[in-house]
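Open the structure in your viewer and keep the selection tool at hand. This tour says what to select at each stop and what is there.

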Amino acid sequence: MHYLVLSALLFSIGIYGVLTRRNAIAILMGIELMLNAVNLNFVAVCASLTPNQITGQIFAAFVIVVAAAEACIGFALIIAIYRNFAKVNVDDINIMRW
Amino acid sequence: MHFAADYWYVALFALMGVIFIFVALFLAWLIRPHNPTPDKLMPYECSVRPVGEARVQFRIIFYLVALLFLAFDVEVVFLFPWAVVLRELGSIGLGLLAWFDMMLFIGILLLAWLYAYRKGMLDW
Amino acid sequence: MDELTVLLGYFASEMVLAIGGIAILVINFTSPNVKGRYLGYLAACTVGVSAFIMPWQGWFVFEAQLVRSTLRPFFSFCLSPDMYATYFKFAIAIGMLITILASLDYVEARLNGVSAELYALLCFATLSMSFMVSAVELITLFLAIELTSIASYALASLDTSNPRSVEAGIKYFLTGAAATAVSLYGMSLIYAFSGTTNLREILNMQTEVGAQFPHLILVSLIMVMASLGFKGALVPFHAWAPDTYEGAPTPVTTFLAAASKVAAVGLIARFMIYGFSESLELWRPVISTISALTMTVGNLFAIPQRNIKRMLAYSSIAHAGYMLIGLAAVSQAEIDFMMGKGLLERTDVAMTGFLLYALGYAFATGGAFTVVLAVSHLLGTEEIPEYDGLSQRMPHLAWALTIFFLSLIGIPPFVGFFTKAFVFAGAIYSGLGWLSIVGVLNSVVSGYYYLNVVRHMFLLPPKAQSVERTAPSTDAALLIALLGTVVVGLLPNPFLQWIRDALNGVILMLR
């Protein structure tokens, strides 16, 4: 049960980071925090509810791998952003407005 | 729960560790000579005079190689459980299938690596 | 049938797509001199062949289930290639085929340096979207969504020297990654209350859990909807769509509108019905609210747009809303039918409309974007005022675009009329009359901005007199889209039969 509370806290911190930060890299860090909260949830539930199955752990492993792939794309995008705009602040990246 | 009791040792250990740092620093402060010179106050850089600022710009290629490393490194997450259960799978007759699956996976990764190599991401 | 035959039969189209995508990349790095256009032909062949295989694949699975229900690939508990999946896969593959054919010229002119990556990623995206609509288990579902998303992020920002494309990519990426994290948390909650990731078992757990903690189910469903709604650009999660549609290279916009959205709604419907139909009364208000909001916001924001890609972006948001009417209005008899019990009454048309809408939408939107791509390639513009007098300069494009727009509005002889009629009728039969009134009003509003473009093309004098010829590949894409829009509209019966089988087929894999 404590793990669920901890992961809810971690998730909230991550969401707070995503919503308040304006630096693309900091937003990405917030997203990683949220993903880690999810991993914690999966592993904790797996250990306490279904100790004989490893579904939750498999899910966590997939989340880790996908998060890494996503981070790769994200950082590559941030390099491209930096080359085009010379900044990584998401408020300044707005050529297109309706 | 006897686990809780075990954690007291960890707490005690951590506390001792923190106290030890302060005790050692305090003793060193008591007995060391105090004689600063400009050379001594410089940041340590392999005992030569530092060149330029500490915040230097890296070439972007380091970053790209790091990205590539990240992508390939995490795939080990899949290799590890596979390696753990491979013997068991072999004993129920699925060994060859599991081996083939992993070779397929690694083969596709190898193609991805070849792609990165041919596109010049690893050239300096 | 031995195991290999079953494996090949169940996943033939997916294998074609995977091999085709990898082959494009391998050809590109082993012999860099091969022209991008030939890689495009290869991609079109790959997607075309897989689209051709897909309906037969559905029948193969159907037969195989009838003959020997025990023999199935060992991962069929996470991917279910049933008739429902193959129907959506077909719609997706058709959308992708139109996309690839329409973009050959555009890519050669503007994106030649990255054409191999573009075509390979389009193949991989088709593959992952097939996984999306056949996923019956949370891990697979998450992986399929992520695979599609990662391919889409890379595609949207493929033109790295163009700041607009990169901006489109980063906006798409940041919202998408956040939405994924939120929906993963929702999935972890679902796992926490059910102890399983299999949708079928989750469904079985629900009556029990729902009696105790109905809010837990609702909260986790809404969190999961974050990423499903993000992929389908439904209204609370749509903010990325206009900018990404406008800034991304036009072939990518076509893919996002014509294929990615179809996959997303297919996934939403399967997830809700297959995994959560026991909580129907919990999510019906959520889906109908999202649907009404999506239609209204999409249509109202489409009116003032001058850039045709941006206008079509808002219009495609609106169409996701219309499609969701079908899901919101699903009746208990239809759910039972999909679970293999009972038969459909004459009034149970909501899901039929939903499935037909997905196909009709893929044809019409793919066709509309084909015209946009051709105009953008030949005249170098995407602004609506530049479409003035297109009927005199390129009459076939103007007429085709008019037909696609009429279908999107819902004018009778075309497929759009039947799809809208079905979902609105379904909503009325299910007691959601207000939703169908919102839908009809929205269709009227949408007529304004669609016909505005038609006015520009037919009634206003052309700004230049040059007459350009479209490439054969563009004509082929137009032909496919036109055939689909007109033929499904005039002869809907075989398609309705297919949809009925598809709905019934969801179940066959469950036994």
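## Two crossing helices in chain C

Select α8(C) and α11(C): their axes come within 7 Å and cross at roughly 50 degrees. Axes here are lines fitted to C-alpha atoms, for helices over the stretch in contact, and angles run from 0 to 180 degrees between N-to-C directions. The two helices α8(C) and α11(C) are therefore oblique to each other. On this scale, angles under 35 degrees count as roughly parallel, over 145 as roughly antiparallel, 65 to 115 as roughly perpendicular and the rest as oblique.

A note on the model before going on: it is predicted, local features need pLDDT of at least 70, side-chain atom pairs count only at pLDDT 80 or more, and totals for chains, interfaces and linings use all residues. Residues are numbered from 1 along each chain as its sequence is written, while chains are lettered from A and ligands numbered from 1 in the order in which they are written. Helices (H or I, at least four residues) and strands (E, at least two) are DSSP runs, numbered from the N terminus.

Now show the residues where the pair meets. From α8(C), pick Leu199(C), Ile202(C), Leu203(C) and Gln206(C); they meet Tyr274(C), Gly275(C) and Phe276(C) in α11(C). Two residues are in contact if their C-beta atoms, placed from the backbone, lie within 7 Å. By class, the contact of α8(C) with α11(C) has five nonpolar, two polar and no charged residues. Ala, Val, Leu, Ile, Met, Phe, Trp, Tyr, Cys and Pro count as nonpolar, Asp, Glu, Lys and Arg as charged, and the others, Gly among them, as polar.

## Along α8(C)

The expected span is 1.5 Å times one less than the number of residues.

Where is the kink in α8(C) centred? Select Gln206(C): the kink there is about 50 degrees. The bend at a residue is the angle between axes fitted to the seven residues ending there and the seven starting there.

The buried residues of α8(C) are Leu199(C), Ile202(C) and Gln206(C). A residue is buried if 20 or more other C-beta atoms lie within 10 Å of its own, exposed if 12 or fewer, and partly exposed in between, with C-beta atoms placed from the backbone.

Select α6(C), residues 138-156. This helix has 19 residues and reaches 26 Å from its first C-alpha to its last, close to the 27 Å expected. Of the 19 residues of α6(C), 18 are buried, so it is largely enclosed by the rest of the structure.

Bring back α7(C). The axes of α6(C) and α7(C) are 9 Å apart, and the helices pack at an angle of about 170 degrees. That makes α6(C) roughly antiparallel to α7(C). Residues of this contact include Phe142(C) and Tyr153(C) of α6(C), and Tyr172(C) and Phe173(C) of α7(C). The contact divides into eleven nonpolar, six polar and one charged residues.

## Two buried residues in chain C

Go to Thr86(C), in helix α4 (residues 83-110) of chain C. Is Thr86(C) buried or exposed? It counts as buried, because it has 29 C-beta neighbours inside 10 Å. Not counting residues up to four places away in sequence, Thr86(C) touches Met54(C), Pro55(C), Gln57(C), Gly58(C) and Pro81(C).

Next select Ser80(C), in the loop between α3 (36-67) and α4 of chain C. Ser80(C) is also buried, with 27 other C-beta atoms within 10 Å.

## Chain A and its neighbours

Show chains A and C together. Here 35 residues of chain A are in contact with 33 residues of chain C. On the chain A side, α1 (2-20), α2 (24-49) and α3 (55-85) each supply at least two residues. The largest share, 16 residues, comes from α3(A).

Ten residues of chain A are in contact with nine residues of chain B. The side of chain A that touches chain B has ten nonpolar, no polar and no charged residues.
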